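Biologist: Please show me the model, and then I will ask what the terms used for it rest on.

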Amino acid sequence: MELNTALQKLKEYERRGFALYHASGLMYYDGATTAPKGSAGVRAITLGELSRISYEHTTAKESIEMLECLMAHSDELDPVTRRKASELYRDYERTHRVPIEEFVAHQQLCSEADSVWHEAKVKDDFSMFEPYLQKMFDSTKRMALYMEPDKRPYDTMLDNFERGLTASACDAFFDTLKKRLVPLMHKVVEHGDRVNDAPLRQSFPIAKQKELSSYLMDVMGIDRDHCILGETEHPFTTDFSKYDVRITTHYYENNFAASLYSVIHEGGHALYELHTGDELACSNLGRGELARSNLGNGVSMGIHESQSRFYENIIGRSWEFCSLIFPFVKKEFSPLLDGVSDEEFYRMINKSSPSLIRLEADELTYCLHIMIRYQLERAMIDGSITAHDLPHEWNRLYKEYLGMDVPSDKLGVLQDSHWANGNIGYFPSYAIGSAYGAQYYKEMNRDFDVKAALSAGELCKINRWMEDKIWKYGCMKDPMALFESVCGKFDPTCYADYLENKYSEIYGL
């Protein structure tokens, strides 16, 4: 195949690939939000067939010839096209090693397991979900071994979400955090009575919470023409392109802070996707299109979670942001918070204490929730435990790490949707992304006063910085290379220092 022909074929390949991705994503979003409960079975079949078409598209003879031609002429390509070709070829290399029936069955299992998980959680019945969960871990392990037979399966799974990440790197990272954060958590618990968040545990009308969510999206600068907010059991963001991003939340009448911060968290994901570049300048070689290509999304879940966790916590739980939004919050929920000052609101929002639910965990204890999930999914993959053991092991680790007795599986092992969706290896990205955020904040302050911008309600300055440093690049750079281009070497002690300084001030330690 000649190079000009391969370049034309690449455009056709991208159009079809994007259409398949878009259709599958819409079906998943519909299933998780508004689709009738009884539609799960037929949806699973359709998603399975779409995955078959996608597999055939990736591994077709003409596709392989096109990619091999582009790789052979790599030095003649502009940087964007070169990156597209190398990423597509990497995807082909991993995909074609998986038997097509295994590939399709895995996608179908993801849809089925997600539907069963929703029902099992509502009914607090782990036994319903257990066989699907075991199948999911078994299937994911087989997929990993097909893709990279000479690599440990769990390392392959981690790499799916954060390229280059390994279990040994996670061990070192979590060990650093554990040594610093566990003693700090114990000190905070000893002085827990210094912050009273009882006013946040009143009954806050859900209709008012929805108005607050809309207000928060505006404050964050989210383009409402290209991003909508829906409701689901477990909040998530899905992106079809930078022109169509969907975020979701879940409302609890007696805990409005849960939806408040899930909207900010998912809003951070949305901002990233909404601002990936349409195209990037390629030196003197013209411009390369990113939108609707394999480069037109966030580069990894670690970088993605660095955005959501940065906005949720470092920005959203800062004194300046709390002061900015509190007048609206106080007025919206009057008279429930009439006796609360903005200083008290800030401390309430940042109250730290061991808890059962990851999504509601405070900034200090959050990574302990992630460590538990990391240990469990790693043990599932190496075969030291089975799905039947998970509730017991979950409850044991919550007692060991957080001192919590887990009263039900709904509040325990059934609380997250990730394993039901086949997202095994995802969880460490939350903790790594949280740590990335502390270094972003440090670098951002070298360019402008972040606190002053927040006090003035100028989140646009923060957004522009993120767009220039992170968002616009899409998948043009590997995640660690992208991070280091902004912050230098990754240093988890920066995150530990940030948390120690913040919570020492809040609790007067």
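The talk below takes up a sheet, a salt bridge, a pocket and a cavity.

Modeller: This is a predicted model, in which local features need pLDDT of at least 70 and side-chain atom pairs count only at pLDDT 80 or more, while totals for chains, interfaces and linings use all residues. Residues are numbered from 1 along each chain as its sequence is written, and side-chain values use heavy atoms, with hydrogens and water left out.

Biologist: What makes S2 and strand S3 a pair?

Modeller: Two strands pair if DSSP finds at least two bridges between them. S2 and S3 (residues 244-249) have four bridges, in the antiparallel sense, and threonine 238 stands opposite arginine 246 in S3. Strands are DSSP runs of E with at least two residues, and helices are runs of H or I with at least four, numbered from the N terminus.

Biologist: Why do S1 and S2 stand at the edges?

Modeller: The order in this open sheet of three strands is S1-S3-S2, with mixed pairing. Strand S1 (227-231) and strand S2 (237-241) each have a single partner strand, so one side of each has no neighbour in the sheet.

Biologist: Which helix packs on the sheet?

Modeller: Helix H10 (residues 256-274) does, touching S1, S2 and S3; contact means heavy atoms within 4.5 Å.

Biologist: Why is the link between aspartate 159 and arginine 90 called a salt bridge?

Modeller: The term requires a side-chain nitrogen of Lys or Arg within 4 Å of a carboxyl oxygen of Asp or Glu. Here the N to O distance is 2.6 Å, so the pair qualifies. Aspartate 159 lies in helix H7 (residues 153-161) and arginine 90 in helix H4 (residues 79-95), so the bridge ties together parts that are 69 residues apart in sequence. The whole structure has 38 salt bridges.

Biologist: What makes a space a cavity or a pocket?

Modeller: On a 1 Å grid over the protein atoms alone, a cavity is a set of points where a 1.4 Å probe fits but cannot get out, whereas a pocket is an open set with protein on both sides within 12 Å along at least five of seven lines; lining residues have an atom within 4 Å of a point. One cavity of 30 Å³ or more is present, and the largest cavity has a volume of about 40 Å³. Helix H11 (301-315) is one of the helices that line the largest cavity, and H11 gives the most, with five residues. The second largest pocket holds about 480 Å³ of space and is lined by 20 residues, including Asp197 and Arg201.

Note on methods: Axes are lines fitted to C-alpha atoms, for helices over the stretch in contact, and angles run from 0 to 180 degrees between N-to-C directions. Grid points are joined across faces, edges and corners, and a volume is the space filled by probe spheres set on the points.
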